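Here is a guided walk through one structure. Keep the sequence and the 3D view side by side as you read.

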Amino acid sequence: MKPLSPTDQLFLWLEKRQQPMHVGGLQLFSFPEGAPDDYVAQLAEELRQKFEVTPPFNQRLSYKLGQPMWVEDEHLDLEHHFRFEALPTPGRIRELLAFVSAEHSHLMDRERPMWEVHLIEGLKDRQFAIYTKIHHSLVDGVSAMRMATRMLSDNPQDTGLPPIWDLPRKARPGRVDPGSSLWHSITHLLGMSGKQLGTIPTVAKELLKTINQARKDPAYDSIFHAPRSVLNQKITGSRRFAAQSYCLTRIKSVCEAYGTTINDVVTAMCASALRTYLMNQDALPEKPLIAFVPVSLHRDESTEGNQVGVILANLHTDENDAGQRLLKIHHGMQEAKDRYRHMSPEEIINYTALTLAPAAFHLLTGMAPKWQTFNVVISNVPGPSSPRYWNGAKLEGMYPVSIAMDRMALNMTLTSYNGQVEFGLIGCRRTLPSLQRMLDYLEDGLAELEIAAGL
Ligand SMILES: CCCCCCCCCCCCCCCC(=O)SCCNC(=O)CCNC(=O)[C@H](O)C(C)(C)COP(=O)(O)OP(=O)(O)OC[C@H]1O[C@@H](n2cnc3c(N)ncnc32)[C@H](O)[C@@H]1OP(=O)(O)O
Ligand SMILES: CCCCCCCCCO
């Protein structure tokens, strides 16, 4: 029995039909050399027969004294969670993305462990795919990426590698299993509150500094007054997913030319894509868009729950010059990172909670609809830098599928793998009808920076 942290619980509270709170990943593989045509069907049979379901994949929600806990599901039904499916012909990436768009729109059953793995055959060119869906109250992007990486090997000859639901548990040195009693859960929560109280002085000091800085600097002040835009409307429950890879070497060359980080460049690509998308609808707000940028607080190799703080980043979408826009984004991100450098993870989480309080208040109550805290999520989850294989099948790409929410109809998350940066855009189907065009605008955003830098 394990209690959920307040951040993990938030994703349960926020969930509703038009706002499912699961995240996912789409992995694209090519058949191992010499594999038979029914390779994927054989693989499905093996996965059904050979493996167990281990934590967190065997954990379902239960409530004790009103407190949500993870408990082992004694009636686990693998057939419900693991599904073998086929794409309609001609089995192009377009059909695959349509499949993910539809599956990502469905809520999961809270009576069961909240995950699904879809093994997908019928793709062209001897490829197959795995779309994994898991509730955000169980993992964040970094823990999901760690799990996905642990099921893979850098050796194409390695066989017997498990699926994501039966990964070997990593023992943490010096950690004793705390047991599973309700008493342990209560003391754990009280301990957490003690730690939380200790964060008050630093968080208060940093908030005061923030307010003073916002008084002096208009670019900084903008962070706390996001404009309303077409992205920020009530959403429906159906999603559209668009994904594409971009060359990491090109992104690194832009970083070097401007003296910025990778994260700054991908953020600037998003800013440029949003600008073009909104300008084409004559809907670019005069004031700059503000992004919700998660920062990982995982201090070890853990794959447990959500450990993230958030930076509210000014995207400077009111700036015409692409190079200047990148430098301004870099400057704002540096400032935010400097602030967090002096804070503990608990302090960062509480500072984040206070800065996002108006958004959370609106999402939970529907009140204060005029206050827009941020316009879009931009999340960067780095992955393995060299080729990976799963039982001889080469991983060709790995795309994140995240969350759209009321008044935040678009989420731009990216991962990286083997020299590629892989964007996964998820949006409300009704609010953002031509979402796939953003993929071209991201490319244009990168090209614009290359040209401006003379590359
Ligand atoms: C679901 C089941 C799974 C199945 C399939 C799997 C799918 C795979 C997961 C999907 C997941 C979806 C679900 C999302 C749900 C959330 O999005 S939850 C929120 C998750 N996001 C986070 O936690 C944010 C994590 N990112 C961060 O903390 C920071 O942005 C970063 C990435 C560390 C960047 O920080 P920074 O200091 O501004 O940036 P930067 O200097 O650019 O980077 C630091 C270092 O990282 C490197 N780096 C940064 N970005 C990249 C990049 N994109 N590529 C390569 N290297 C990079 C830099 O080169 C640099 O390296 P060194 O020079 O130090 O060697
Ligand atoms: C105020 C709460 C905001 C929650 C945003 C969810 C973003 C999902 C990416 O991890």
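Start with helix H9, residues 248–258, where Leu248, Ile251, Val254, Cys255 and Tyr258 are buried. They span an arc of only 120° around the axis, so they sit on the same side of H9. The arc is taken from the directions that run from the helix axis to the C-beta atoms. Thr249 and Glu256 are exposed on the other side of H9. Buried means under 20% relative accessible area, exposed means over 50%, and partly exposed is in between, with a 1.4 Å probe and protein chains only. An α-helix has 3.6 residues a turn, so residues three or four places apart point the same way.

A word on the source. This is a predicted model, in which local features need pLDDT of at least 70 and side-chain atom pairs count only at pLDDT 80 or more, while totals for chains, interfaces and linings use all residues. Residues are numbered from 1 along each chain as its sequence is written, chains are lettered from A and ligands numbered from 1 in the order in which they are written, and side-chain values use heavy atoms, with hydrogens and water left out.

Helices and strands here are DSSP runs, numbered from the N terminus: helices are H or I with at least four residues, strands are E with at least two. Now look at helix H2, residues 39–50. H2 has 12 residues and reaches 16 Å from its first C-alpha to its last, close to the 16 Å expected at 1.5 Å a residue. The expected span is 1.5 Å times one less than the number of residues. Which residues of H2 are buried? They are Tyr39, Val40, Leu43, Ala44 and Leu47. Their arc around the axis is only 140°, which puts them on the same side of H2.

**Around ligand 1**

Turn to ligand 1. It is surrounded by 28 residues, and the closest are Ser296, Lys337, Ser379, Asn380 and Ser416. A residue counts as near a molecule or strand if one of its heavy atoms lies within 4 Å of it. Several elements each supply at least two residues of this shell, among them strand E2 (22–30), strand E7 (127–135), helix H10 (262–280) and strand E14 (410–417). Helix H5 (141–150) is also one of these elements. The largest share, five residues, comes from H5. The shell divides into 15 nonpolar residues, 12 polar and one charged. Ala, Val, Leu, Ile, Met, Phe, Trp, Tyr, Cys and Pro count as nonpolar, Asp, Glu, Lys and Arg as charged, and the others, Gly among them, as polar.

Next come the polar contacts. These are pairs of N or O atoms within 3.5 Å; within protein, one must be able to donate a hydrogen and the other to accept it, and residues adjacent in sequence count only if both atoms are side-chain atoms. A backbone N or O atom of Asn263 lies 2.9 Å from an oxygen atom of ligand 1. A polar backbone atom of Ser296 is 2.8 Å from an oxygen atom of ligand 1. Ser416 uses its side chain: a polar atom there lies 2.8 Å from a nitrogen atom of ligand 1. On its own, ligand 1 has 1300 Å² of accessible area, and the protein covers 76% of it. Accessible areas come from the Shrake-Rupley method with a 1.4 Å probe; for residues, only the protein chains shown count as cover.

**Around ligand 2**

Ligand 2 has His136, Phe292, Ala360, Ser402 and Met405 around it. Three of the shell residues are nonpolar, two are polar and none is charged. His136 places a polar side-chain atom 2.9 Å from an oxygen atom of ligand 2. The protein covers 92% of the 350 Å² of accessible area that ligand 2 has on its own.

Thr365 belongs to helix H13, residues 357–365. Is Thr365 buried or partly exposed? Thr365 is partly exposed, because its relative accessible area is 41%. A polar atom of its side chain lies 2.6 Å from the backbone oxygen of Phe361.

Finally, follow the backbone. Most residues other than glycine have a negative phi, and most peptide bonds are trans. The bond from Pro55 to Pro56 is cis, with omega near 0°. Pro56 is in the loop between H2 and strand E3 (59–64). Thr89 and Pro90 are also joined by a cis peptide bond, with omega about 10°. His316 is not a glycine, yet has a positive phi of about 50°. His316 counts as buried, at 10% relative accessibility.
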